Amino acid sequence: SGSLHTARMQIADAMTWAAQDSGEFIGSISLATTDSVGAQILVGYAGRTYVRQWFWDPSKSSSPRYHALNEFDPDLKGLKQALFTSPEGRDFEKAVGCIAYLLGLSSALPLQSNTPDLVASTPRGRHLVVECTLGISDFSKKLGKLVDRYNALRKSFAGATLTMEIVGVLVCRLPRDQIAARESELQQHHILLATKENLDYVMNRAWQVHEPDTLLDAAIASMTAQHRIVGQTSAE
């Protein structure tokens with residue numbers, strides 16, 4: 001055993017090997033990671049790496065938002081159920097609101113009927129208008145509503161001489177390859193599409209401290225790059 005005070009260390013010599021009846025050998029090792037939230041283990045042979053595995057200890061997270069949710073929803077089981085399996089759209093909307101909170105956004109769920117499912121803002125003052133959908137049956141309808149509400153907020157800001165950037169976000173539970181959405185249409189209306197892959201990414205890193213503006217910059221850059229690829233392919 002030992003403490004992981006260095007960024008990278010060789011632990012092969014500290015492994016304990018035990019022979020099995022099958023003729024195989026099983027190696028084991030115990031390492032104290034002190035205050036580290038995670039450690040990545042690499043397994044290699046003859047100069048080649050065959051396994052890369054991260055091990056996390058969320059209890060050591062420095063994110064107060066994670067601890068605030070986890071205290072009342074241990075292991076975030078309720079959040080995961082609402083995100084991925086609940087048939088209730090309202091549960092999904094609340095879960096997306098929790099995701100926004102974990103990501104460091106300030107968010108609210110409007111109470112009137114003709115409103116977005118969620119509005120949020122980043123530390124830099126950018127505003128998100130969010131619509132949530134469980135599947136593809138109402139995808140086009142949700143996209144149309146999102147565009148209308150995005151434009152309504154843009155006009156409201158302009159009338160109040162506010163210059164904050166506004167971003168529309170459509171959140172869908174399905175994997176990206178099951179959603180028939182044209183990238184050019186999303187780009188045209190400044191709409192980001194968040195899918196199951198994105199939700200999985202956040203839930204797997206719920207304990208991390210996130211920089212929402214950095215994440216938003218990356219999402220916009222990815223959308224713009226994808227739009228260029230689609231445009232080039234169409235031209236060809």
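Among contacts in the protein chain (heavy atoms within 4.5 Å) between residues at least 6 apart in sequence, 52% join residues at least 24 apart. This is a predicted model, in which local features need pLDDT of at least 70 and side-chain atom pairs count only at pLDDT 80 or more, whereas totals for chains, interfaces and linings use all residues. Residues are numbered from 1 along each chain as its sequence is written, and side-chain values use heavy atoms, with hydrogens and water left out.

**Overall make-up**

- The protein chain has seven helices and nine strands, taken as DSSP runs numbered from the N terminus (helices H or I of at least four residues, strands E of at least two).
- Of the 236 residues of the protein chain, 33% count as buried, where buried means under 20% relative accessible area, exposed over 50% and partly exposed in between (1.4 Å probe, protein chains only).

- In soluble globular proteins, nonpolar side chains tend to be buried together.

**Helix α2**

- The buried residues of α2 are Leu79, Ala82 and Leu83.
- These residues lie on the same side of α2 because they cover an arc of only 100° around the axis, the arc being that of the directions from the helix axis to the C-beta atoms.
- An α-helix has 3.6 residues a turn, so residues three or four places apart point the same way.
- The partners against which the buried residues of α2 pack are α3 (89-102) and α6 (196-204).

**Two positive phi values**

- Most residues other than glycine have a negative phi.
- Leu76, in the loop between α1 (64-72) and α2 (77-84), has a phi near 55°, a positive value in a residue other than glycine.
- Leu76 counts as buried because its relative accessibility is 4%, and, not counting residues up to four places away in sequence, Leu76 touches Tyr66, Leu69, Asn70, Leu102, Met203 and Ala206.
- Thr161, in the loop between α4 (139-159) and β8 (166-172), likewise has a positive phi, near 55°, but counts as exposed because its relative accessibility is 68%.

**Side chains that reach the backbone**

- Asn70 lies in helix α1, and its side chain reaches the backbone nitrogen of Asp75 at 2.8 Å, a polar contact being a pair of N or O atoms within 3.5 Å, where within protein one must be able to donate a hydrogen and the other to accept it, and residues adjacent in sequence count only if both atoms are side-chain atoms.
- Leaving aside neighbours within four places in sequence, Asn70 is in contact with Asp75 and Leu76.
- Ser61 is found in the loop between β4 (48-56) and α1, and it is buried because its relative accessible area is 9%.
- A polar atom of the Ser61 side chain lies 3.0 Å from the backbone nitrogen of Ser63.
- With neighbours within four places in sequence left aside, the contacts of Ser61 are Val37, Tyr66, His67, Trp207 and Gln208.
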